[in-house]
Amino acid sequence: MVDRMKDPDSKPAHLERRVFLKSLLAGSALLLLENTGIDRIAQAFAQESPWTSIPPFQPQHPPGLGFPQSVAAGDPTASGAILWTRIDPSIQTGLAATQVDSSLIQWLDGETPPPDSIVSAINNGTFVLLEIANSPDFKKPILRGYTPIWKDYDQVVKVDVDGKLPPRSLYYYRFITQTGHVSPTGRFKTLVPAGQDLSSTRFAYISCQDFSSGYFPVLNYLAEEELDFVVHLGDYIYESVGKSIYQDPLPDRKITVPSGESKAFTIEDYRTLYRTYRTDPDLRRLHENHAMVSIWDDHEFANDSYYPAVAPDDNTASNPVRRQVANRVWYEYTPARVTFDPKKEFAESLCIYRTLRIGNLCELILTDQRLYRSSHACGSGTLDRYFTKGCTAVNDPKQSMLGIHSGQKEWFLNRLTTSKAQWKIWANEVQFTPLKLLGRWMNLDAWDGFAGERLDIIRTLKKNHVKNLITITGDLHTFEASLIKEDFKKDADRKAVGVEFMVGSVTSSNVLDLVTQIFTKSQSLSNPLPLEVIEKITQVDKEMAQQVKAIKEEKHKGITELSSSHPLLKKLFENLISLIRLENPWIKLFNSSTHGYCILELSPAKATWTAYSVSDIRKKSGTKKTLLFQCEVPKDKAKIRILHK
Ligand SMILES: [Fe+2]
């Protein structure tokens, strides 16, 4: 297990200082030369390659050819980011290796020449050239290096340039193969060093992007935003590709996995999903424009999964081989600062919980709520997990979301209570605040199924006087703004200890989609709640049952073409939503009829949360973006001031 208790920013100080000063000096020297007008000399300086006779690879083809999944940046720091691409194996095959080895990267400003074996590997084309520049024309690259293509990791390239670049700046990057194929250009921003003052930071977050359920206009709008980075809260892929009798995928968005199954099981199945998702032009554009900070939820492996590698919808027995494959492919395709050790078993092979600091303003604490979590407290049946009366086991101290033996809970509480950053932003996959309907728990796969651990976290926050905690959440395909309290029923709003802001999905079905699906029977497998649960709710509530009957009768007479805008259906949905609002007064804003993204802007005085909605995800073009909600949280107060609803 990676030791996460130490300072997350720690690295050998002499090394960081040396590399940092070097890049800074190179930058100032270039600036000096430019200012004196000797541009030609500046260029020669920038392109000088002191250790090698290998001339830098040059672009010879139109950008993008040979890079079907484009580029991506992730986990930005004050001095770099992880940079990623994948090379089409028909263009070039890379190095065979059991493990990705970052020491093989050969920086062109390196002081010692590489051994002959590396020089010949570069000459053989198993390496690519990475270029980073301050402008997209790459006339004056500020950092260049040869880095391997990882053949056994599906031909991806992963480079960590942390420690190499000055802070608070925008950088452009691209990859060039020995054959002259050049990737699309990506860009990312370096952050403000931990502890330093800054006036604001602005980042977005998203979750739940089922490729087959819709197009990604949400990501297209998000790509256009001015941001420091984007957080992905999970369900980046859906393991389920469905069968036509169950699912209603868009005709041009159907995915078939090599095993021929309705879900991903093999390494090639999972790779096919990531490869296919990354061919989407909007997702590619998002990655090209912003660095992404990613965690997973369940669908990167399997629905409602838990330790030890159990996918309860498929089999209640552990399947460590499938989980390890899912871990590996997530690692291959995600530009995250984590290592993967294939020799270790699935719970140890990688560790995705980690933290990211932005000046003195923000510590983003990212947790893993799937790899180590306990099984469902009250049983594994659908109606034990959803719309259930619950059981006392949810309060059992052994019932853990973060894992009893993973070390994550101790690490998490330590970060929350010792962080020196003003805002503690918790990237949390599933709903933290309770969600009840008709006196039952809506979803024990979320924190309601781990109520004892939730209370423990809240009490730790109170005991340590932790202020300015904001939880950002995905999973439910719903926008929510809620207050976190020790006693949700009895405590007044002024006793809140933090705030939860949930983002709706990019495409995956929301509650309105589910209500519609009761009648159309076009069940999507990316539903946040199983369809039978929504049917059950309408049977339990008399008024809703009558509404369902009326719609069925009308449909039976052939009068109606059912869509989510049908008045009877709208009424049924509104009835359901008003009940949710009534029974969960800590939820101040709730919308489950649209898709979109959220932006969090932090300043020393306040946090501003903005939710955007996108009109129609089943249309390829002509969609509209609208402001859905906006709220402020003043500093030191767990309060939601609604500005727009
Ligand atoms: Fe989801």
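**View 1. The buried residues of helix α6 in this predicted model.** Let us start with the residues of α6 that are buried: Asp282, Leu283, Arg284, Leu286, His287, Glu288 and Asn289. Buried means under 20% relative accessible area, with exposed over 50% and partly exposed in between (1.4 Å probe, protein chains only). Helix α6 spans residues 281-289 and is mostly covered, with seven of its nine residues buried. Helices (H or I, at least four residues) and strands (E, at least two) are DSSP runs, numbered from the N terminus. At the N-terminal end, Asp280 caps α6, placing a side-chain oxygen 2.8 Å from the backbone nitrogen of Asp282.

The model is predicted, so local features need pLDDT of at least 70 and side-chain atom pairs count only at pLDDT 80 or more, while totals for chains, interfaces and linings use all residues. Residues are numbered from 1 along each chain as its sequence is written, and side-chain values use heavy atoms, with hydrogens and water left out.

**View 2. The site of the iron ion.** Here Cys208 (SG), Asp235 (OD), Tyr238 (OH) and His477 (NE2) coordinate the iron ion at 2.1 to 2.5 Å. Donors are N, O and S atoms within 2.8 Å of the metal (3.2 Å for Na, K and Ca); water is not among the atoms, so sites may look incomplete. The angles among the four donor atoms run from 80 to 170 degrees, and the site is irregular. Four donors count as tetrahedral if all angles lie between 85 and 135 degrees; four count as square planar and six as octahedral if opposite donors are over 155 degrees apart and all others between 65 and 115; anything else is irregular.

View 3. The spacing of the donor residues in sequence is C-x26-D-x2-Y-x238-H.

**View 4. The surroundings of Ser183.** Look for Ser183 in the loop between β7 (170-176) and β8 (186-189). Ser183 is buried, with a relative accessible area of 1%. Beyond its neighbours within four places in sequence, Ser183 is in contact (heavy atoms within 4.5 Å) with Pro63, Gly64, Phe67, Val71, Arg174 and Phe175.

Technical notes
Polar contact = N/O pair within 3.5 Å; in protein donor to acceptor, adjacent residues only side chain to side chain.
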